[in-house]
Amino acid sequence: KAAAALVKKIAEIHSAECVAESEIDKFTEIRLIFKNYKNDVYFCFVVQEEIGVRGGTVASRRLKPDVAITVECTTCLDLPGVEEKDVSTKTGDGVALAIADSSTYYDTDLNNELSECAEKMQLKRVGVGGTDGRAFQFNNIKAAAVAVPARYIHSPVSVIHEDDIKNAIIMLENYLEVICYA
């Protein structure tokens, strides 16, 4: 109970639109899994990205998909005292589409398709990254990354904006409906 109260208090401090990451299950992004798609669509929940993309590597080698879209949170430093040049994303500023990171250049065509889906839905988006997508790219699979900006990432509680979560889900639904003929 004390942990749940702390999570809610942290979200309240930041703004009414922000929620603690441990509460995102109420947004039911899992609904994407239960749709019927014309093509095969796999949803993998992988672990150990930070220590060698171990889960992503297993998924990429076993499934060998044509396309891989990593969905996760990304660093957000929109805090008092942080210089604007050091802020890669801001809560409430939109979904982040990864362009490149220290080990991956994400697929331009796939990113453009996702970006077009966001434009159709008039969703905000920004570019940033560092994800499990590299495991797929290393195995010659087109990869993209969709990320929700999160304050205090990799801490016991991250804070994210509800609109960013909702927009990520809408963008992915739109992409899957267009590409996979849901």
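## Helix α3 from end to end

Helix α3 covers residues 108-120, which makes 13 residues. From its first C-alpha to its last it reaches 18 Å, close to the 18 Å expected at 1.5 Å a residue. That expected span is 1.5 Å times one less than the number of residues in the helix. Helices here (H or I, at least four residues) and strands (E, at least two) are DSSP runs, numbered from the N terminus.

Before going further, please keep in mind that this is a predicted model, in which local features need pLDDT of at least 70 and side-chain atom pairs count only at pLDDT 80 or more, while totals for chains, interfaces and linings use all residues. Residues are numbered from 1 along each chain as its sequence is written, and side-chain values use heavy atoms, with hydrogens and water left out.

Which residues of α3 are buried? They are Leu110, Asn111, Leu114, Ser115, Cys117 and Ala118. Seen down the axis of α3, these buried residues fall within an arc of 155°, so they line one face of the helix. The arc is taken from the directions that run from the helix axis to the C-beta atoms. Here is the general idea to remember: an α-helix has 3.6 residues a turn, so residues three or four places apart point the same way.

On the other side of α3, Thr108, Glu119 and Lys120 are exposed.

At the start of α3, a side-chain oxygen of aspartate 107 comes to within 3.3 Å of the backbone nitrogen of aspartate 109. After the helix comes glutamine 122, which has a positive phi near 55°.

Asparagine 111 lies in α3 and is buried, with a relative accessible area of 10%. What does asparagine 111 touch, leaving aside its neighbours within four places in sequence? It is in contact (heavy atoms within 4.5 Å) with Leu97, Ala98, Ile99, Tyr106 and Ala144.

## Two nonpolar cores

A nonpolar core is a set of buried Ala, Val, Leu, Ile, Met, Phe, Trp, Tyr and Cys residues joined through side-chain atoms within 4.5 Å. The largest one has 21 residues, and Leu114, Val146, Val148, Ile160, Met171 and Tyr175 touch the most other members. At least two residues of this core come from each of β3 (95-97), α3, β5 (142-151) and α5 (162-180). The largest share, 7 residues, is supplied by α5.

Apart from this core lies another, of 8 residues, including Ala59, Phe136, Ala143 and Ala145.

Serine 60 has its place in helix α2 (residues 54-63). Is serine 60 buried or exposed? At 1% relative accessibility, serine 60 counts as buried. Beyond its neighbours within four places in sequence, serine 60 is in contact with Pro65, Ala135, Phe136, Asn139 and Ile141.

Serine 60 and asparagine 139 are 79 residues apart in sequence, yet 6.9 Å apart in space, C-alpha to C-alpha. Their side chains make a polar contact of 2.9 Å. A polar contact is a pair of N or O atoms within 3.5 Å; within protein, one must be able to donate a hydrogen and the other to accept it, and residues adjacent in sequence count only if both atoms are side-chain atoms.

Most residues other than glycine have a negative phi. Lysine 64 is not a glycine, but its phi is positive, about 50°. Lysine 64 lies in the loop between α2 and β2 (67-75) and is exposed at 62% relative accessibility. Asparagine 140 also has a positive phi, about 60°, without being a glycine. Asparagine 140 is found in the loop between α4 (133-138) and β5, and at 76% relative accessibility it counts as exposed.

Threonine 91 sits in the loop between β2 and β3, where it counts as buried at 12% relative accessibility. The side chain of threonine 91 makes a polar contact with that of arginine 151 (3.0 Å).

## The whole chain

Now let us step back. The chain has 5 helices and 6 strands, and from the N terminus on they run α-β-α-β-β-α-β-α-β-β-α. Of its 182 residues, 43% count as buried.

Definitions and conventions:
Buried < 20%, exposed > 50% of the residue type's maximum accessible area, 1.4 Å probe, protein only.
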